[in-house]
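This report goes through a protein chain, from model confidence to packing, open space and a few individual residues. Please read it with the sequence and the coordinates at hand.

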Amino acid sequence: IAPQGTEVHSAQPIGLDRVFLAQNGFPAKALLIEKRTGRILMQHVLETKPKPQDPKLVAGSIHGQFRHIRMTKAGTYLVAHLNLGKVREYDRHWKMILEIDAPSAWTAVRLPNGNILIGGNQHGYVREVNRQGITIWEIDKDDLPGIPLYTVQEVGRLRNGNTVIANW
């Protein structure tokens, strides 16, 4: 259960006994938790936009911090910083090793070729970006005749090469 004043929108099972999650809040945190005991095995503060001065805006600000963070097979951490408009990757010691500009990055998925697939929330885009930040492939809001991309949230790449887009 998330502590009062926080929200959890991203959780990834790690094996059968742990979960990696983002806890939106001030401060926001990345946590690795042992499921059986609830013991925190790893914790790092995640950068967010500053806490608003107007208390009525706090819930909205917390709500828009993170939606998708993942531990990769290589043991790094891929984080879609929704309210910063960035996708960042951190190494095992939580040192940033990659930063990509990505307005309203809802999702960031590491592909088998090493590239990152990004879903752009209300900006209505899906991009495949390489490690140098160069866009390899992109589909925008009005590129699919009769299927406007209003709010792209989850994205994924199937084994056959097709891309799945969750468009709300």
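The model is predicted, and the protein chain has a mean pLDDT of 93, with 96% of its residues at 70 or more. Confidence is lowest in helix α1 (residues 58-63), where the mean is 74, and highest in strand β10 (residues 116-119), where it is 98. Where pLDDT is low, the predicted coordinates should not be read in detail.

**Nonpolar cores**

The largest nonpolar core comprises 15 residues, and those with the most contacts inside it are Phe 20, Leu 46, Phe 66, Ile 69, Tyr 77 and Trp 94. At least two residues of this core come from each of the strands β2 (18-24), β3 (28-34), β4 (40-46), β5 (66-71) and β6 (77-81). Trp 94, with neighbours within four places in sequence left aside, is in contact with Phe 20, Ala 30, His 44, Val 45, Leu 46 and Tyr 77. A second, separate core has twelve residues, among them Ala 80, Leu 98, Ala 108 and Val 129.

**The largest pocket**

The largest pocket holds about 490 Å³ of space. It is lined by 19 residues, of which Lys 73, Val 109, Arg 110, Leu 111 and Pro 112 are the closest to its centre. Strands β5, β9 (107-110) and β13 (152-157) each supply at least two residues of that lining.

**Individual residues**

Gln 12 belongs to strand β1 (residues 7-14) and counts as buried because its relative accessibility is 15%, the limit for buried being under 20%. A polar atom of the Gln 12 side chain lies 2.7 Å from the backbone nitrogen of Met 71. Beyond residues up to four places away in sequence, Gln 12 touches Arg 18, Val 19, Phe 20, Ile 69, Arg 70 and Met 71.

Thr 76 is placed in the loop between β5 and β6, and with a relative accessibility of 11% Thr 76 is likewise counted as buried. Once neighbours within four places in sequence are left aside, the contacts of Thr 76 are with Arg 70, Met 71, Glu 89, Tyr 90, Asp 91 and Ile 97. Although Thr 76 and His 63 are 13 residues apart along the chain, their C-alpha atoms are separated by 25 Å.

Ser 104 sits in the loop between β8 (96-101) and β9, and its relative accessible area of 12% makes Ser 104 buried. Residues up to four places away not being counted, Ser 104 touches Leu 82, Gly 85, Gly 119, Gly 120, Asn 121, Gln 122 and His 123.

| Side chain | Partner side chain | Distance |
|---|---|---|
| Thr 76 | Thr 72 | 2.6 Å |
| Thr 76 | Glu 89 | 2.5 Å |
| Ser 104 | Gln 122 | 3.1 Å |

The C-alpha atoms of Ser 61 and Phe 26, which are 35 residues apart along the chain, are separated by 9.5 Å. Ser 61 also touches Phe 26, together with Pro 52 and Asn 83, when residues up to four places away in sequence are not counted. These details fall in helix α1, where the mean confidence is 74 and lowest in the chain.

Methods
Residues are numbered from 1 along each chain as its sequence is written. This is a predicted model: local features need pLDDT of at least 70, side-chain atom pairs count only at pLDDT 80 or more; totals for chains, interfaces and linings use all residues. Side-chain values use heavy atoms; hydrogens and water are left out. Helices (H or I, at least four residues) and strands (E, at least two) are DSSP runs, numbered from the N terminus. Buried means under 20% relative accessible area, exposed over 50%, partly exposed in between (1.4 Å probe, protein chains only). A polar contact is a pair of N or O atoms within 3.5 Å; within protein, one must be able to donate a hydrogen and the other to accept it, and residues adjacent in sequence count only if both atoms are side-chain atoms. Contact means heavy atoms within 4.5 Å. pLDDT is the predictor's confidence in each residue, from 0 to 100. A nonpolar core is a set of buried Ala, Val, Leu, Ile, Met, Phe, Trp, Tyr and Cys residues joined through side-chain atoms within 4.5 Å. On a 1 Å grid over the protein atoms alone, a cavity is a set of points where a 1.4 Å probe fits but cannot get out, and a pocket is an open set with protein on both sides within 12 Å along at least five of seven lines; lining residues have an atom within 4 Å of a point. Grid points are joined across faces, edges and corners, and a volume is the space filled by probe spheres set on the points.
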